[in-house]
Amino acid sequence: MPQTMTSADLRTRNQVRLLRAVHDADAPLTRADAARRLGIGRNTAGALVAELERARLLHEVPAETSGRGRPTTLLVPHPDGPLAFAVDFREDAWTLASVALGGAITELEGGEHDRTPRAFADIRAAIERHASGRLAVVGFATSGPIRDGRRLHISHLAWEDVELDDLIGADWPTTAVDNDARLAGLAEARRGALRGMGTAMHFHIDFDIGGTLLLGGDAQRGAHNIAGEFGHMPLTGSALRCMCGVLGCWSLDVGANALMRRFGGEPGYGTGRELAQEVLRRAEDGDPEAGAAVDANAAALGRGLGALANALDPEAISLSGLGVDLIRLRREVIEDHCAEGLMAFRRDEPPRIVSGTVGAAGPLTGAAEIAWDAILTEAWVRARR
Ligand SMILES: [Zn+2]
């Protein structure tokens, strides 16, 4: 039997849509903008806003008028409204930030850690230090796949099947966790270079390469939340076996580990970024050996991107981390090898390869997005009123 929707249900649904519109906008919306985006009248919008103001979710401030038309107001987060915390947990360090509705990020604290799950005790203590009654949700970015959204696999730290619930303990606010590369892509799709695109891809290159397919502004997650391990596909035909168990992973040829391997570093343990940076610097200064290593990295990157573009047909591909350096130093190498990997009929219109604009803040920004996604729901708004 079809469910009937009461007028209260409809009002709640529109309030969530309104909060979502305010959150997603790249600049504060006027009440009239919001009404237009939602396809509702100005009076209805006014009533929704008044109720959200009483719930301390939205606040109206006078907009600067350009002299024409009726004076209007801008919709901004309520000054006493809920906050999301976002944590970027990397192999060697973490960062905690507070993020308001609309995505404004305030960094709160950060530190190094001992590479064991004990690190989460420090993060938890930091969250408790900064939390107030306004903290509503916490989003985490971590490296490695996160099976079913709760079980962490961080191969560089030898974490196997570490349960998020054991790390954070009981009595936490709502938590959301996802992989850092996927979150960096989500950040580009929502706030950066891939904004407004229907189909796009993002790759974050650090020790190795990780990425995500972005569809309509959201990341593809898969049946068990472990989709997108593009770095663990044998796209470039390496003869080495990867730590993940696969023979010839793309990740063996792209990223800091691949650079380190050529210069006697010990790849695979989440250490040695400095050596990779040094290789890039030397390549930039014209050192031929370093230059050849960077060429090989850029060529492997391009080959893999071409292969993936054949399968997934992205409008654009953005890169972060070392990918930005590779674009700066070797754009032509990347594009030539991408074209080599593309089916001939696609070569006239290859996917655009661009640097991400959210940059190093990508995982933190994406963690904030999944945190807000977790609470911008009808049940949560109903409970706030
Ligand atoms: Zn692998």
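Is arginine 221 buried, exposed or partly exposed, and what is its relative accessible area? In this predicted model, arginine 221 has a relative accessible area of 23% and is therefore partly exposed. Its salt-bridge partner is aspartate 178, with a separation of 3.4 Å from N to O. Arginine 221 belongs to the loop between strand 14 (218-219) and helix 7 (256-262), whereas aspartate 178 belongs to strand 11 (residues 174-179), so the contact ties together parts 43 residues apart in sequence.

Side chains of opposite charge can pair when their charged atoms come close. The model contains 29 salt bridges. One of these is formed by aspartate 373 and arginine 20, whose closest N and O atoms are 2.9 Å apart. Since aspartate 373 is located in helix 11 (residues 362-375) and arginine 20 in helix 1 (residues 7-24), the pair ties together parts that are 353 residues apart in sequence. Both residues are partly exposed, with relative accessible areas of 23% for aspartate 373 and 21% for arginine 20.

Helix 11 also contributes glutamate 369, which forms a salt bridge with arginine 191 at a closest N and O distance of 2.9 Å. Arginine 191 lies in helix 6 (residues 180-191), so this pair ties together parts that are 178 residues apart in sequence. Glutamate 369 is buried, at 1% relative accessibility. Through shared partners, salt bridges join Arg20, Asp24, Asp178, Arg182, Arg190, Arg191, Asp218, Arg221, Glu369 and Asp373 into one network.

Phenylalanine 89 is part of strand 4 (residues 83-89) and phenylalanine 120 of helix 4 (residues 119-130), so the pair ties together parts 31 residues apart in sequence. Both phenylalanine 89 and phenylalanine 120 are buried.

Relative accessibility is 1% for phenylalanine 120 and 3% for tryptophan 159, so phenylalanine 120 and tryptophan 159 count as buried. Phe89, Phe120 and Trp159, together with Phe140, form one aromatic cluster.

Terms used: Residues numbered from 1 in each chain as written. Predicted model: local features only at pLDDT ≥ 70, side-chain atom pairs only at ≥ 80, totals over all residues. Heavy atoms only, no water. Salt bridge = Lys/Arg side-chain N within 4 Å of Asp/Glu carboxyl O. Helix = DSSP H or I, 4+ residues; strand = E, 2+ residues; numbered from the N terminus. Buried < 20%, exposed > 50% of the residue type's maximum accessible area, 1.4 Å probe, protein only. Phe/Tyr/Trp six-rings, centres within 6.5 Å; stacked < 30°, edge-to-face > 60°.
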